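Let's walk through this model together, starting with the chain as a whole and then moving to individual side chains. Have the viewer open as you read.

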Amino acid sequence: MNVLLQGSVTFQDVAVDFTPEEWQLLGCAQRKMCWNVMLENFRNLISHTRKKTFGCSECGKAFQKKSHLIRHEKKHTRKKKTFECNDCGKAFNSKGHLAVHQKIHSGERPFVFSDCGKAFMHKAQLMVHQRLHSGEKPYECSQCRKSFTWNTSFTQDVKSHTLENLFECKECGKTFKCSSSLYKHSRFHTGEKPYRCRECGKAFADSSVLVMHQRIHTGEKPHGCTECGKAFIKKSPLLKHYLTHAAEQQNKCNIYGKSFNKKTHLILHQRSHKNMEAL
């Protein structure tokens, strides 16, 4: 254990980081508050440089108390990884974790869904996939009683009930959780469209919409289907596309193996079998 003196204070130590766009959205009072926060952080750091601290010999992190350093050093001991992958060199805490990782290299997918034949590396992935077929929605919001298939969608819904909306639009009364969201919303009322496409001159109120639009000119399609390779400009059409694969597996002819997007198409196809048999 080494007794260290904290190094010189840099701007990064006290800065409150904003992107140029975020900084432009702040009002004068908000900018002044940010400067005051940085100055206060700077004063606190300066006052700490005179104090002796206990430094970790593994990572250099310093602590005011020796007991805190001892507690921290135990984390390094726990984190020592002794099980190494022969293919890529990545190390793991346990043999079980290594075995799971090695499936990536071997391509092994032991968990197969009997309805559609799709295989997965992990059992948890199989259980999630089964919900696409069963329509199960295990996550229910106690506030609005709405149910969700995915935990992420459920979490977002819960936050919408619990977080306070502090910034209100004077035009329509709609409220927002942060000032930047209110600022963006106000463009719908003012008609302001500051983001312009250099290719065709079309303007947009939101920068993310401009990025999406530019893909029409560049031909970029970053969202690709893992089943058939078909790619899309937006993520939402890809999600709809995945449903067609799930439907095809459900609506499959057990005689010829042909798949259909809709059950009605399968029924019409099966009738053709009966007509051929009649002949």
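This is a predicted model: local features need pLDDT of at least 70, side-chain atom pairs count only at pLDDT 80 or more; totals for chains, interfaces and linings use all residues.

A residue counts as buried under 20% relative accessible area, as exposed over 50%, and as partly exposed in between, with a 1.4 Å probe and only protein chains considered. Residues are numbered from 1 along each chain as its sequence is written, and side-chain values use heavy atoms, with hydrogens and water left out.

The chain has 11 helices and 15 strands; these are DSSP runs numbered from the N terminus, with helices being H or I of at least four residues and strands being E of at least two. Taking a contact to mean heavy atoms within 4.5 Å, residues 24 or more positions apart account for 15% of the contacts with a separation of 6 or more. The chain exposes about 20,900 Å², and carbon and sulfur atoms supply 53% of it; accessible areas come from the Shrake-Rupley method with a 1.4 Å probe, and for residues only the protein chains shown count as cover.

Residues 83-110 are 43% helix and 14% strand, with end C-alpha atoms 22 Å apart. For residues 111-138 the figures are 43% helix and 14% strand, and the end C-alpha atoms lie 21 Å apart.

Now to the aromatic side chains. The structure holds two aromatic pairs, where rings of Phe, Tyr and Trp (its six-membered ring) pair if their centres lie within 6.5 Å, and planes under 30 degrees apart count as stacked, over 60 as edge-to-face and the rest as tilted. One of them joins Y139 and F154: the ring centres are 5.9 Å apart and the planes meet at 25 degrees, so this pair is stacked. Because Y139 lies in strand 8 (residues 139-140) and F154 in helix 7, the pair ties together parts that are 15 residues apart in sequence. Y139 is partly exposed, at a relative accessible area of 24%. Together with F148, Y139 and F154 form one aromatic cluster.

Charged side chains come next. Side chains of opposite charge can pair when their charged atoms come close. Four salt bridges turn up in the whole structure, each being a side-chain nitrogen of Lys or Arg within 4 Å of a carboxyl oxygen of Asp or Glu. In one of them, D206 and K184 have their closest N and O atoms 3.9 Å apart. D206 sits in the loop between strand 13 (203-204) and helix 9 (207-218) and K184 in helix 8 (residues 179-190), so the bridge ties together parts 22 residues apart in sequence. K184 is partly exposed at 38%.

R187 and E192 form a salt bridge at 4.0 Å, N to O; R187 is buried at 6% relative accessibility, whereas E192 is partly exposed at 34%. R215 and E220 form another, with the closest N and O atoms 3.8 Å apart; here R215 is buried at 15% and E220 is partly exposed at 41%.
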